[in-house]
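Got your viewer open and ready? Let's walk through this structure stop by stop.

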Amino acid sequence: MNVKQSKITEILRAGFTALNEGNAKRAAECCRAAMSLDRANPEVHFLVGLVALDMNDLKTAASAFGSVTKLSKNHAAAWAQLARIFMRMGQPARAEQALSKATDAGTDDPAVEDLIGVVASLLGNQHDAKKWYKRAVQKAPERAAYAVNLASAQIFLGETDEAEATLKTLLDRNDNIAQAEWLLSSLRKAETPARADALLKKAEAAKDPHSKAFLGYAAGKEFEDCEVWDKAFRAFSLGAAAKRSTLTFDEAKEEAMFAALEDSFTEEWAARAGGGHHDPAPIFVVGQPRTGTTLIERIITSHSAVESAGELQQFGLSIHRLTEGSFSDRLSPEAIRASAKINPTDLGREYLRASAPMRKDAERFVDKLPGNYLHLPLILKALPDARIIHLTRHPMDSCFASYKQLFAEAYFHSYDQEEMARHHLRYANLMARWRERFPGRFLDISYEDTVADHEPNARRLIEFLGLDWEDACLEFHTQKAAVATASAVQVREKPHQRSVGRWRRYQDKLVPMQTILRDGGLELDS
C-alpha cells in the first residue's frame, strides 16, 4: 500500500467511525478529504452515500451509490443501498432491479444480508426477507436488530412459534431489547399479568423514550389480555407520551391540508367531464388505521381473482411525478391545488405503471393504504372503473385503537388524546364531503357489522366488486399469504367482536377524546 492509499484508508476509517458515532459533519469532512485524493475509489463514494442517507438527502445518496456500482459492478452493499433508496422514492421496479444485482453479486456481510432482507420485505416478499435475515442472524447473533427483523418476517408469514423462538433466544442473550419484548407480547394472549408488571416496571425506569414506548405498549397489551384495565391504560398512556416526545406533529399544517382538499375538489370539479384510464383492476381499501382495513382486504383477497399488493404509496407518488415534483411536501395546500389540474387519464396510467411491480398475475389487486382516502377524488377521476371501499368504525373505538397502537413512522397524531380526536374529526368531515360530492361512488362498510354478521357483509363486498361469489371469502383467516401490518396476528383468527366497544373499559380515562368528538358533532352513545 502506497502513502496515498494509506492516507485514504485512514481518512475513510475516521469517516465511518464518525458516522457510527452520529457525527455526520465530521464524516462529511472526511468525504471531502478522501474525494480530493482519489475520486475513483468506490469506498469513498460509498461513504458519501451513507453520509447523504444520514442527512436524508436521497438524491445525493442515490448518485453516490450509483457511482460505486459504476466503479465496482459487484458491490453488493451499494446495490442493496440503492434498492432501499428506490423503495423510499416510490420506484419499486428500479428497487427490484438493484436488489437482483445485489443478490447476484453475493455477500457474506451480515449487514448487507440484513439490508437485502429489508428491501425484500418492502417489496412484499416476506419469504425471501426471512431467508436473508436468517443468514444475517447466523453470522452475527449478537446484533439484536437482525433478530428483530427475522422475527417480524416470521410474524408476517404467520410463523408464530418460530417468531417466539427467535425472540426468546434474543432476549435470553440480552433482555434489554425493548422492541423484542413488544413483538413477543403481540404473539400470544397473556394468561397472567406477571410479565406485564415486569414490563411496566422496566418502562417506567427506561431513560430512552423509544425503549419506554416499546415497553409501555407491550405491557398495555398484556394487561388488556388479562382484563387489568387500569394498569393497561397506565401502560398505554406511558408508551404514547414517550413516543410523542420523539415526534414533531404540525397540527396547523394538517388543518391546512384538509382545508385545501375540500376547497380544491369541489362539486364543480367533481361534475367536470373527465376521461380517466379505464381499467377495473385496482381495488382501494381506505379509512383510518386499526378500523378493519386488513380484515376487509383478507376477505377480498380470498377470492381467486384478487391479490394483495400491500399498502402502496404509488398513487400519491404518481401525483407528485405528474406535478413534476415541484413540491417537496406532497400534501401541502399548493401541491393539492396543483394536483386538481392533473390530466386524469395520465394519472390513471401512471399509477398502474408504478404499481405493476407490486402485482403478480391476478385480474384484480387491492391497494390497502388507509390514507388513500385523501386522494379519493383523484382516484375516482383517474380510475373510473376502480372500486373504493371505505371502512367505518365507532369514533371512540377507532381513535382508541390507534392511541393504543405503536406504529412505525406514521400517524403522528395518534399519541395524544386530543390530537387524535381532532384528526378524526377532520377525517370524518372530509369523508362526509366526499359522500356529498361523489354519491354512490364508493362503498362504506362497517367494521362492527362485518364482525357481527360476517357472511352478508362479505357477500355485499364481493357484489360491489362485480365478482361472482366464492365460499373461500368466508375462510379468510386460513389464508397463508403474508400480512405485513400491525394486524398480522389478529387476521389469522376467525371474526370476533372482542374489540367492539373496547373503549368503554377506559371511558373515564378518555374524557379529553370524547369531549372533542362530541363537541364536533359525532354520535358516541350508539
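Before you click, two terms: helices (H or I, at least four residues) and strands (E, at least two) are DSSP runs, numbered from the N terminus, and two strands pair if DSSP finds at least two bridges between them. You're looking at a predicted model, where local features need pLDDT of at least 70, side-chain atom pairs count only at pLDDT 80 or more, and totals for chains, interfaces and linings use all residues. Residues are numbered from 1 along each chain as its sequence is written, and side-chain values use heavy atoms, with hydrogens and water left out.

**Stop 1: the sheet.** Select the 5 strands of the open sheet, which run in the order β2-β3-β1-β4-β5 with parallel pairing. β2 (306–308) and β5 (443–446) are the edge strands; each has a single partner, so one side of each has no neighbour in the sheet. Now zoom in on β2 and β3 (residues 364–367), a parallel pair with 3 bridges. Which residue in β3 is the bridge partner of V306? Pick R364.

**Stop 2: a salt bridge.** Look for a side-chain nitrogen of Lys or Arg within 4 Å of a carboxyl oxygen of Asp or Glu: that's a salt bridge. By this rule there are 34. Show the side chains of E181 and R195, which meet at 2.3 Å, N to O. E181 sits in helix α11 (residues 178–187) and R195 in helix α12 (residues 194–205), so the pair ties together parts 14 residues apart in sequence.

**Stop 3: a network.** Finally, select E251, E254, E255, E418, R422 and R426, which salt bridges link into a network.
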